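Subject: Handover of a structure and notes on its contents

Dear colleague,

Please find below the structure that I am passing on to you. My notes on what was found in it follow directly after.

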Amino acid sequence: MKTLGILGGMGWESTQHLYTLINRGVAARLGGLHSAELLLHSVDFAAIEALQKAGDWAGAAACLGEAGARLRVAGAEALVIASNTMHLVANDVERAAGLPVLHIVDATAEALRAAGVRRAGLLGTRFTMEHGFYRERMWERFGIELVVPDEAGRAELHRVIFDELCRGRFVPDSREWMRAEVAALADRGAQAAILGCTELGLLLPAGSPAALPLFDSTELQARAAVEWMLG
């Protein structure tokens, strides 16, 4: 089994979920008392969020790159970033850490392509929905087109993520609002909805009743991590 490093804490609720999913995946594959060979560096999310808000992506990349380099010294052979948003700087993190990043967009796109999806809705932070890193990689590497909610929808989803989910609050009204956003994406021709924030699957899990099939990026990232570790 290869050793995987996790850059987590953004926020810790979803990092805990990712850790659980990877361990369950290894146990399912190997049986018995097997668990995953993991190294975790959990950052202070308040510091990262301040850099995001200021648009200091170079500073955020430097923080994660330094953490990744420490995981490499400790024995990690590759990294996962337990945050969709911070994949905006995944290439910079790879260079600074000296380790490959198992990219969450690739894991998500592989599942969409296997399901025959060519146009998907993307739900995530404002950074994920409005910066091009997710949309461009999905289109250029996999030929999948992405659509996002309108301005009001993007603002409200960003608020739900940072004011509720990252603080461990799971509000039923927000869950129903998310279902309505999924339905709006279906009206615009989306064949599936990507839960493109690591916390969103905690509020509306894949398989929940919705107007579109839900693809949870965290679950797909965990699956790809297990495949890499045991491959």
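A salt bridge joins the side chains of R126 and E151, with 3.1 Å from N to O. R126 belongs to helix α6 (residues 126-130) and E151 to helix α8, so this pair ties together parts that are 25 residues apart in sequence. Please note that the model is a predicted one.

E151 also meets the side chain of R154 in a salt bridge, at 3.0 Å from N to O. R154 and E151 are 3 residues apart in helix α8, which means that about one helical turn separates them. R126, E130, E151 and R154 are linked in a network of salt bridges. As for accessibility, R126 is partly exposed at 22% relative accessible area, and E151 is partly exposed at 44%. R154 counts as buried because its relative accessibility is 17%, and the cut-off for buried is under 20%.

The structure holds 15 salt bridges. One of them pairs D106 with R137, whose closest N and O atoms are 2.8 Å apart. Since D106 lies in helix α5 (residues 104-114) and R137 in helix α7 (residues 133-142), the pair ties together parts that are 31 residues apart in sequence. Both D106 and R137 are buried.

Which charged residue is buried yet has no salt bridge? That residue is E181, found in helix α9 (residues 172-187). The nearest side chain of opposite charge belongs to R188 and is 7.1 Å away. A salt bridge requires the nitrogen and the carboxyl oxygen to be within 4 Å. Setting aside residues up to four places away in sequence, E181 touches P149 and G153.

Turning to the aromatic residues, the structure holds 3 aromatic pairs. F45 and F162 form a stacked pair, with 6.1 Å from centre to centre and 20° between the planes. This pair links distant parts of the chain, as F45 is in helix α2 (residues 45-54) and F162 in helix α8 (residues 151-164), 117 residues apart. F45 and F162 are both buried. Another pair, F133 with Y134, is edge-to-face, with 5.9 Å from centre to centre and 65° between the planes. F133 counts as buried at 14% relative accessibility, and Y134 counts as buried at 0%. A further ring, that of W228, has K2 lying over its face at 5.0 Å from the ring centre.

Helix α2 also holds I48, which is buried with a relative accessible area of 2%. Apart from neighbours within four places in sequence, I48 is in contact with M10, V43, C63, L64 and M86. I48 and E156 are 108 residues apart in sequence, and their C-alpha atoms are 21 Å apart in space.

Finally, I turn to the strands. Of the 5 residues of strand β4 (residues 119-123), 4 are buried, so β4 is largely enclosed by the rest of the structure. β4 runs parallel to strand β5 (residues 145-147), to which 3 bridges join it; here G121 stands opposite V147. β4 also pairs in the parallel sense with strand β6 (residues 192-195), over 4 bridges, and L123 stands opposite L195 in that strand.

Yours sincerely

Key
Residues numbered from 1 in each chain as written. Predicted model: local features only at pLDDT ≥ 70, side-chain atom pairs only at ≥ 80, totals over all residues. Heavy atoms only, no water. Phe/Tyr/Trp six-rings, centres within 6.5 Å; stacked < 30°, edge-to-face > 60°. Helix = DSSP H or I, 4+ residues; strand = E, 2+ residues; numbered from the N terminus. Buried < 20%, exposed > 50% of the residue type's maximum accessible area, 1.4 Å probe, protein only. Lys NZ or Arg CZ within 6 Å of the ring centre and 35° of its normal. Contact = heavy atoms within 4.5 Å. Pairing = 2+ DSSP bridges. Lys, Arg positive; Asp, Glu negative; His and termini not counted.
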